[in-house]
Amino acid sequence: MNYTHNDVVELYDKYVAHTYGRFALTAVSGSGVKCTDNDGKEYIDFTSGIGVNALGFCDEKWSEAVAEQSKKLNHTSNLYYTLPGGLLAKELCERSGMSCVFFGNSGAEANEGAIKAARAYSFKKYGEGRNKIISLVNSFHGRTVTTLAATGQDHFHQIFFPFTEGFEYATANDIDSVKALVDDSTCAVMMEMVQGEGGVIALDKDFVQAVRALCDEKDLILIVDEVQTGIGRTGKLFAYQNYDILPDVVSSAKGLGGGLPIGAVLMSEKTKDSLASGEHGSTFGANPICCAGGLAVLERLTDEFLAEVAAKGEYFRKKLLAMPKVISVSGLGMMIGIQLEGAAAKAVVAKCLEKGLMVLTAKDKVRLLPPLVIDYEDIDAGLEILENVLKECE
Ligand SMILES: Cc1ncc(COP(=O)(O)O)c(C=O)c1O
């Protein structure tokens, strides 16, 4: 049977939980930066599946690596060793300055692991009662009960009581507000280098470095949430590499698998033994197919490639700033927030889709997370659609 878009919508309406507002697009295939819907209409993708498809849709080498691994060994559990997990962990450590990796399956799960690692470090060194984690107002760290608690937005602290205790929220780029929350019960500070869901807001370098110094002084664990910013998105493999600091724990997911579900907690020399045998785990963690996908992604993200991501980010910014109704452009690399005047972000997203361009929102901004492999021709084609939509908007 051939399913129409309406058939698929009916299936979702009836059988899929209604936790998302979806656009009227049933995606059936993709190649590079182009996605094709059920009716054969093609879209330029400036979303990467919310920062996941770092190499675009179905990159040939990535697909081959994943297909090959899926024919060789699909899963074993963590009771045994497999090569892709070991190789991916090595690659991540060597390129991040971290010392070991715990593999999970998503961003929220990576942050759960990061929080556990920080609390375990403190508990084992200082005993009970030192477990408070300071995160930032306007942050986003995930949808589990604990990562919602870590998220510094009241809007997410409704309905699901009781939330995990031990989180307080400081103001981004205000080191005094972080210091004011530090007391004997504090064990960690957690932050995104660029607040993604919060509106694509990059932290100041001075602030990040001051937080690092404060963490050193008080033996607090600095957790950097790289779920959205990591894997090349900002022009470095990890965004903290733009800030000349080394975190104690890093969470990664989204782009890491190039489209397959994988998350990772990267731990430094200081925190690498925080989680001992039996204290953390995941059935699917280090799944060899997902790790093979991850290796294919990292292989592509050479220094030269990353420099090109930064250059393309600048190109986007320059062109966007010259467009009507654009009052500012925020973010880093190809993590781009567009503040508009005289046009609502949501309406712009819907109109762009009608004209064949997929874009996102973040708060009241239009957000772009293009596949890192996008070329200048496709950037221009997508931006032309966006500019026309902005011109048409009342
Ligand atoms: C910074 C950040 N952390 C965590 C998450 C949660 O990731 P996931 O949806 O894979 O659980 C997200 C998702 O948008 C994110 O942007």
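## Around the ligand and a pocket

In this structure, a polar backbone atom of alanine 108 sits 2.8 Å from an oxygen atom of the ligand. Keep in mind that we're looking at a predicted model.

| Residue | Protein atom | Ligand atom | Distance |
|---|---|---|---|
| Glycine 107 | polar backbone atom | oxygen | 2.8 Å |
| Alanine 108 | polar backbone atom | oxygen | 2.8 Å |
| Phenylalanine 140 | backbone N or O atom | nitrogen | 3.5 Å |

How much of the ligand does the protein bury? On its own the ligand would expose 390 Å², and the protein buries 81% of that.

Now let's look at the whole shell. The ligand is surrounded by 13 residues, and the closest are Gly107, Ala108, Asp225, Gln228 and Lys254. Which helix gives the most to this shell? That's helix 5, covering residues 107-126, which supplies three residues. Sorted by class, the shell is made of three nonpolar, six polar and four charged residues.

Next up is the second largest pocket, which holds about 620 Å³ of space. Its lining is built from 27 residues, and Asn78, Tyr80, Phe102, Gly285 and Ala286 are the ones nearest the pocket's centre. Two or more lining residues come from each of these elements: helix 4 (83-96) and strand 4 (100-104).

What classes of residue line this second largest pocket? You'll find 12 nonpolar and 15 polar residues there, but no charged ones.

Methods:
Residues are numbered from 1 along each chain as its sequence is written. This is a predicted model: local features need pLDDT of at least 70, side-chain atom pairs count only at pLDDT 80 or more; totals for chains, interfaces and linings use all residues. Side-chain values use heavy atoms; hydrogens and water are left out. On a 1 Å grid over the protein atoms alone, a cavity is a set of points where a 1.4 Å probe fits but cannot get out, and a pocket is an open set with protein on both sides within 12 Å along at least five of seven lines; lining residues have an atom within 4 Å of a point. Grid points are joined across faces, edges and corners, and a volume is the space filled by probe spheres set on the points. Helices (H or I, at least four residues) and strands (E, at least two) are DSSP runs, numbered from the N terminus. Ala, Val, Leu, Ile, Met, Phe, Trp, Tyr, Cys and Pro count as nonpolar, Asp, Glu, Lys and Arg as charged, and the others, Gly among them, as polar. A residue is near a molecule or strand if one of its heavy atoms lies within 4 Å of it. A polar contact is a pair of N or O atoms within 3.5 Å; within protein, one must be able to donate a hydrogen and the other to accept it, and residues adjacent in sequence count only if both atoms are side-chain atoms. Accessible areas come from the Shrake-Rupley method with a 1.4 Å probe; for residues, only the protein chains shown count as cover.
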